[in-house]
Amino acid sequence: IDLSGPELARAVLYTIRQAADKTGGAAGDILSANISEQLQDSAQKISIVKGTIEGNLFDIAYQPIVSLANEKIHHFEALVRITDPKCPFNTFEFICFAEDVGLAIEFDLAMCRKLLSRLKSMASRDQIIPVAMNISGHSINSDEFVDELQKLLAKNPELHGSIMFEITETARIQVLEKANMIIRRLRAD
């Protein structure tokens with residue numbers, strides 16, 4: 001399995017957390033659990049999820065969000081659908097695992113690139129629709145993510161006002177003040 005040092009560290013941390021959850025956190029039980037097999041399994045899953053992200057082996061489904069006031073479509077929500085046949089996770093499990101092992105930022109950026117590309121194609125045919133995309137609380141806490149997102153949005157000014165972002169509930173936002181500042185920055189762009 002070809003993982004970088006930081007990815008291997010993520011696999012180790014994830015494996016330890018999983019072993020602690022299964023054994024109730026008792027140190028002796030964690031150490032006596034078959035950590036080697038679990039670590040191999042974690043590393044394999046990280047490799048698959050990383051390959052899914054890098055290979056763009058996911059698609060987008062568009063769920064209409066209807067206004068209760070007039071029963072008309074207000075916007076669509078972009079929902080990820082994993083198309084990688086090797087991926088052992090359903091969509092929810094994929095997102096949670098990506099967050100647990102530190103791959104949420106990479107996934108959110110890949111999803112954003114794909115969505116912006118699709119919206120750009122629609123805009124070129126005058127078929128632009130407003131779309132909301134979910135992003136992880138891990139991503140919104142990352143300066144790297146926000147900087148890259150702003151670059152992507154700046155390259156696509158014709159889509160201004162067509163894309164909305166929703167922060168998922170699966171990961172806690174660490175610093176609410178920072179998240180609020182970032183949200184205001186994105187709104188201003």
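These legends describe close-up views of a predicted model.

**View 1. Helix H3 from end to end.** Helix H3 covers residues 35-54. Its 20 residues reach 28 Å from the first C-alpha to the last. That is close to the 28 Å expected at 1.5 Å a residue. Several H3 residues are buried, among them Ser 42, Ala 43, Ile 46 and Ile 48. Val 49, Lys 50, Thr 52 and Ile 53 are buried too. Just past the end of H3 comes Asn 56, with a positive phi of about 55°.

View 2. The structure holds four salt bridges, and one of them joins the side chains of Lys 50 and Glu 7. The distance is 3.0 Å, N to O. This pair links distant parts of the chain. Lys 50 sits in helix H3, while Glu 7 belongs to helix H1 (residues 5-23). The two are 43 residues apart. Both Lys 50 and Glu 7 are buried.

View 3. Lys 45 and Asp 41 are four residues apart in helix H3, so about one helical turn separates them. Lys 45 counts as partly exposed because its relative accessibility is 23%, a value between the limits of 20% and 50%. Asp 41 also counts as partly exposed, at 38% relative accessibility.

View 4. With 39% relative accessibility, Lys 120 is partly exposed. Glu 158 is partly exposed as well, with a relative accessible area of 41%.

**View 5. Ser 139 and its surroundings.** Ser 139 is part of helix H6 (residues 137-140). Its relative accessible area is 0%, so Ser 139 is buried. The side chain of Ser 139 makes a polar contact with the side chain of Asp 108, at 2.6 Å. Leaving aside neighbours within four places in sequence, Ser 139 is in contact with Ala 104, Ile 105 and Asp 108, and also with Phe 145 and Val 146.

Terms used:
Residues are numbered from 1 along each chain as its sequence is written. This is a predicted model: local features need pLDDT of at least 70, side-chain atom pairs count only at pLDDT 80 or more; totals for chains, interfaces and linings use all residues. Side-chain values use heavy atoms; hydrogens and water are left out. The expected span of a helix is 1.5 Å times one less than its number of residues. Buried means under 20% relative accessible area, exposed over 50%, partly exposed in between (1.4 Å probe, protein chains only). A polar contact is a pair of N or O atoms within 3.5 Å; within protein, one must be able to donate a hydrogen and the other to accept it, and residues adjacent in sequence count only if both atoms are side-chain atoms. Contact means heavy atoms within 4.5 Å.
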